[in-house]
Amino acid sequence: MQKRLQILAIETSADDTGVAILEAVKTKVGTKFKVLANKIHTQIDIHTEYGGIFPMMAKREHDKNMVPTIIGALKEAKMFALKKYKGQDKKLNSKIIKILERENNLADLFIEFIYKIKKPDIDAIAVTVGPGLEPALWAGISTARALSTLWNIPIVPVNHMEGHMLSSLVQKKKTFTYDKKTLRFPVLSLLISGGHTEIVLVKEFGKYKIIGSTRDDAAGEAFDKVARMLALPYPGGPEISKLAEAERKRLAPLLSEEGVGGGDSKKIHPLALAGTPPPQGGEEIQFPRPMIYSKDFDFSFSGLKTAVLYYIRDNGPLTEEMKSKIAKEFEDAVVDVLVAKTLKAVEKYGAKCLILGGGVSGNVHLQRILKREVKKAGKDIAIHFPTRILSTDNALMIAIAGYFQYQKKKSFPKLKAMGNLSL
Ligand code: KG4
Ligand code: ZN
């Protein structure tokens, strides 16, 4: 087995163009990883203007930003060098043009810039094939195919959600190790992003069972939609979180015992269950905690979103103060449900470890309440959160998942974008 492997990964499932380069060295006990590059080009500004992501627009932006992002990553990894240019190879040209024929101008950029770079010391290319927006996914897949043809190296298709799941393995440092001690199985993974809300039972990497998922909106989607109702910019999660935290600070002196997010679970409002007590002093806003008592591990956030909509309709126009209160109560409701269901799953499946991933896993209130409730329940389990930057879409997580896939050495099917790919 090859001892050292260098993987270049590409992520384009939504609105971020990501390219990362990861070195993996097998040791006697596990694998040592080193992050050589992690570049991300976000399209947030463009999508903010329109209040959401439009697939064809996202694709166009990926096509535009892909070559500069690849070059940026190669430079960061110190793998960028120009080769002696011997003129164009017509056969190769026509192959690359064919591969990139559906990508706006990407073939031209490729021939103009990537051709002139010396083949870097890369052994394989990992690329997200789904789930995600298909036109956007194709931008990454076509690029991976063009690079694979040019550099004559294999492609490893990666499931975006597996990437999110593994993102918490990376720690703040540039090097990290994965061995038997890193995770204790069975592991439960809570994946909460703009498109997904899933609790996954992980018996080992590659063996996944989705034990619960959302029946309608994803948690991140609910944050984004409520943010829009409050006239906050896209993406809404961080904006709501900011307002909610400010409101909690304001309320802190009013809360008993543990202060922000505190309270005794026996005394707190029944609806709040695992979260913060409702505001005191007659200023209550109450939103439902959908499906919190249901026997399964599924979620539903669309009723909560509608409750916010009706509240705004019946109580508008909103003052800044009301917006903060809504943000806090909404965030409490989402977190209460996520935490309650996760704890119930930990109990049922005897999980020894929790790993979180996806944009919403970077939410500070969720992290705080989950830690607190796990402790309160007397569970001796480790909780792994990704760093804030790696909670949202990035190519580094795709590189890690690609590495584990590559180790299995199975033959990979023909590459295609799979918008609804499941774990
Ligand atoms: O994982 P991600 O980058 O993309 C998908 O694969 O969907 O997640 C993006 C989602 C957005 O809906 C965004 O509003 C949400 O994650 N998000 C947050 C926070 N940061 C991002 N939601 C709540 N709190 C946050 N701090
Ligand atoms: Zn994602």
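The following legends describe views of a predicted model of one protein chain.

**Figure 1. Overall fold of the predicted chain.** The secondary structure consists of 13 helices and 11 strands. The radius of gyration is 23 Å, close to the 22 Å given by the globule rule for 423 residues, so the chain is as compact as a globular protein of that length. Its C-alpha trace spans about 75 × 50 × 35 Å along the principal axes. Of the 423 residues, 56% count as buried.

**Figure 2. Confidence and the stretch 256-282.** The average pLDDT of the chain is 90, and 92% of the residues score at least 70. Over residues 256-282, by contrast, the pLDDT is below 50, although this stretch has 58 contacts in the model beyond near neighbours in sequence. Where pLDDT is low, the predicted coordinates should not be read in detail.

**Figure 3. The cis peptide bond between Phe185 and Pro186.** Omega of this bond is about 0°. Pro186 is placed in the loop that runs between strand 6 (175-179) and strand 7 (187-192).

**Figure 4. The cis peptide bond from Tyr234 to Pro235.** Here omega is near -5°. Pro235 belongs to the loop between helix 7 (219-229) and helix 8 (236-251).

**Figure 5. Positive phi at Asn152.** Asn152, a residue other than glycine, has a phi near 55°. Its loop lies between helix 5 (134-151) and strand 5 (155-159). Asn152 counts as exposed because its relative accessibility is 67%, where exposed means over 50%.

**Figure 6. Positive phi at Met291.** Phi of Met291 is near 65°, again a positive value in a residue other than glycine. Met291 is located in the loop between helix 8 and helix 9 (302-315).

How values were computed. Residues are numbered from 1 along each chain as its sequence is written. Chains are lettered from A and ligands numbered from 1 in the order in which they are written. This is a predicted model: local features need pLDDT of at least 70, side-chain atom pairs count only at pLDDT 80 or more; totals for chains, interfaces and linings use all residues. Side-chain values use heavy atoms; hydrogens and water are left out. pLDDT is the predictor's confidence in each residue, from 0 to 100. Contact means heavy atoms within 4.5 Å. Helices (H or I, at least four residues) and strands (E, at least two) are DSSP runs, numbered from the N terminus. The radius of gyration is taken over C-alpha atoms; the globule rule is 2.2 Å times the number of residues to the power 0.38. Buried means under 20% relative accessible area, exposed over 50%, partly exposed in between (1.4 Å probe, protein chains only).
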